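Colleague: I would like to learn how to read a model like this one. Can we take it feature by feature?

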Amino acid sequence: MVEGARKGGRRGPAWRAARATAALALLASGLAACGGSGGVPTLTWYTNPDSGGQAKLAAKCTQAAGGRYRIQTSVLPNDATQQREQLVRRLAAKDSGLDIMSLDPVFVAEAANAGFLRPFGEQEKGQFVQDVFQPAVENSTWEGRLYAAPFWANTQLLWYRKSAVRKAGVDPDAPDFTWDKMIDAAVRSGVTVGAQGNKYEGYMVWVNALVASAGGRIISSAEKGDDATIEIDSPAGREAARVIGKLARSRAASPSLSTDIEEQARSLFNAPNGGFMVNWGYIWRAENGDAKDGVIDKSIPADIGWARYPRVRADQPSKPPFGGIELGIGAFSKHPDLAVDAVKCITSTENMKFYMIDSGNPAARRAVYDDPEINKEFPMAKLIRESIDAAAPRPITPYYGDVSGAIQSRWHPPASVNPETTPRRSADFVRQVLRDQALL
Amino acid sequence: MSVGLETAPAPRARTGRAKVTDRTKAERRLGLLLSAPAVIVMLLVTGYPLFNAVYLSLFSYRLTAPDDRRFVGLGNYATALSDGLFWQNVFTTFLITLITVAVELVIGFALAMVMHRAIFARRTLRTSILLPYGIVTVISAFAWRYAFDLQSGFVNPWFGLGDFAWFSDRWAALFVIILSEIWKTTPFIALLLLAGLAQVPRDLTEAATVDGATAWQRLWRVILPNMKAAIMVAVLFRTLDAWRLFDNVFVMTRGQEDTATLSFLTYQQTITRTAIGLGNAVGVLLFLSVVIIAAIFIKGFRVDLSQVRGDR
């Protein structure tokens, strides 16, 4: 290094001039990239990774805007927690280049409470909530105001291999099909039950769906911040813990359940002893694509069946998980009005349908599910609609990250979950974390 | 190099403090003047964040609730120090540091010997030994993670381990983390030790050989004592590096199965939870532990940092 520096120092003025020119050129190209093209305002849309559907919508809406604005996309990291980290960092620094963002529903309350999102006015609100699933609207609302526009909605179904179900002699469509019946049947017939047990947001999705299906809630009165009522130490919480512990300690569980995310659950499902799996709707596309590409056996897609999320109690309908994406507008955006127009364009019924067919992610508006093209492409479309209608959102609180992290911390690994102790310990821990009295 | 020339007469100057010549004074002033810009830049880039971190650690403060900021004094430190998780992570970090440094020292020394003694293909040999150190840690961490992964990994089929999930067990996960850390940073220690080996005068080993010392005796009685300084510097640098381990844990386990290190704990509080106050308190504690380790090495073991550059 010292050697190199010395040599550099001895080089002539021509060399220095060349370096300076190169530096200036780099700087200029950087500035040009910031400037946008020819005076048309550029809106930057931070998207969660998908197969390119949101970029296509950006192009479509740019065209529809007829030169009023241009939308460019910028892709966020893969998992929901990291997407939030990046958005929060930018928004806390008052990033004015963040116009539109694809937000996981659970983080809308936090961003809204921190003043990071531009709320929609009463007049603007109409189109965004009309015919939209109730959980999506609930998740996008904070203290009575709508802070985000539902873009697509998601839920988990119970996916099963028809051959395995025949062998096990059970009917997943039966109204009283419970987790217990499923696990017992899987153990009996030597097949697996896939779920998301990694210490990440997907595990919280599972815990919340089980608690809600058993008729409980993790917390309530979330608007009270660290005084929120923590309800996980309840009969419903103990039921949820019992189901998770039972599956995790049974032979039907994935050997790597404690690190499994959606994709691992899917490959478990594709294995010769694959049986059941709870997973999001995207897998229908993924399975068909993989079968076409020869990644998995061609006979698998025809063997896949689906049913509503299993019950926890036989006499109580299940409450499937709720997910999806809401579109928020950055509070520090330089073009908030144009961003509202852009969001209107992106979330139009027509574009929701386009996105659902393009990406496989379910639309947030109910009418889309009546479309014949959608029903041909997604034979389970009606079930998805029914599931989202019945879905239970995860706790809506500005401290969602803490609540979820605290639950994950005490409920992980799944095989350690004990109905007698886990719900009680996690309730104490959530309280401590909310009050900054414990590390996470 | 010029620094070496100036520090060399230092012992003499210390004994004869009374007669400092004008020339020495002027040289000292010039020295201070010349180093001033670097010192100022250092203070700006390291001092400011440091003091800011200490300041922020005195508040209960969320990035997402800026208005709820309130002064809590040393409360965050009390929370951190009384939390079992903190001490568990200290233990994990300690374990990783101890094992990686010990193993790396042995392997690194062997590699340094090979590099030092090699007669042919010296450049190729040195390049291939240094290769892992040239790989970005995140990339090496991903490579190791996928190697041990249940679905894409080749380790389980190779060793007939079936469906053993490496990252679902604390000790197995720590084993992979430590293994990848050793693979990645042993070349660094080997390089520092090679510099130390080059400092051992040939005459000494030759004289020992003539006196009938065995290879083992030469190693323990002649070579190692003569490169003690280089060894201590290598151990110090690696200890401080290992103590701040973050990338491997982040990529491989995200801190689950109790594999979180102190750096990861800091990240978790500051970035993930956006609990700026609590996170900075943990960060300051991490910084203090680094200072303590460095102080123990430099004062306790009398490590002379200038020796690693071959200034002696």
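Modeller: Start with domains. Domain bounds come from an automatic or database domain assignment. This is a predicted model. In chain B the assignment gives domain 1 (2-56) and domain 2 (78-309).

Colleague: How far apart do the C-alpha centres of domain 1 and domain 2 of chain B lie?

Modeller: The two C-alpha centres of chain B are 32 Å apart. The contact takes 4 residues from domain 1 of chain B and 5 residues from domain 2 of chain B. Together the two domains bury about 400 Å², with 75% of it on carbon and sulfur atoms. On the domain 1 side of chain B, B:L50, B:A53 and B:L56 supply 80% of the buried area, more than any other three residues.

Colleague: Which domains does the assignment give for chain A?

Modeller: Each domain of chain A is written in two segments: domain 1 is 42-154 + 322-390, and domain 2 is 156-321 + 396-434. Their C-alpha centres lie 26 Å apart. Domain 1 of chain A brings 27 residues to the contact, and domain 2 of chain A brings 20 residues. The area buried between them is about 2,100 Å², 64% of it on carbon and sulfur atoms.

Colleague: Now the chains. What area is buried between chain A and chain B?

Modeller: About 2,600 Å² is buried between chain A and chain B, and carbon and sulfur atoms give 48% of that. In chain A, the residues that lose the most area to chain B are A:D436, A:L439 and A:L440, together 29% of what that side buries. As for the residues in contact, 30 come from chain A and 34 from chain B.

Colleague: Helices next. How do the end C-alpha atoms of helix α13 of chain A compare with the span of its residues?

Modeller: Count the steps between residues. The expected span is 1.5 Å times one less than the number of residues. Helix α13 of chain A (residues 282-293) has 12 residues, so it should span 16 Å; its end C-alpha atoms are 17 Å apart, which agrees. Just after α13(A), A:G294 takes a positive phi of about 80°.

Colleague: Which residues of α13(A) are buried?

Modeller: They are A:I283, A:W284, A:A286, A:E287, A:D290 and A:A291. Those buried residues pack against several elements of chain A, among them β7 (156-161), α12 (262-270), β11 (274-280) and α17 (372-377).

Colleague: How do I read aromatic pairs?

Modeller: A pair of aromatic rings is described by the distance of the centres and the angle of the planes. A search of the whole structure finds 29 aromatic pairs over all chains. One of them joins B:F264 and B:Y267, with 6.0 Å centre to centre and 40° between the planes, a tilted pair. The two residues are 3 apart in helix α14 (residues 262-272) of chain B, so about one helical turn separates them. Both B:F264 and B:Y267 are buried.

Colleague: Which residues form one aromatic cluster?

Modeller: B:W144, B:F148, B:F164, B:W166, B:F175 and B:W183 form one.

Colleague: What lies over the face of A:F429?

Modeller: A:R410 does, at 3.7 Å from the ring centre. In chain B, B:R69 lies over the face of B:Y61, at 4.9 Å from the ring centre.

Notes:
Residues numbered from 1 in each chain as written. Chains lettered and ligands numbered in written order. Predicted model: local features only at pLDDT ≥ 70, side-chain atom pairs only at ≥ 80, totals over all residues. Heavy atoms only, no water. Phe/Tyr/Trp six-rings, centres within 6.5 Å; stacked < 30°, edge-to-face > 60°. Helix = DSSP H or I, 4+ residues; strand = E, 2+ residues; numbered from the N terminus. Buried < 20%, exposed > 50% of the residue type's maximum accessible area, 1.4 Å probe, protein only. Lys NZ or Arg CZ within 6 Å of the ring centre and 35° of its normal. Contact = heavy atoms within 4.5 Å. Buried area = accessible area lost by both parts, 1.4 Å probe.
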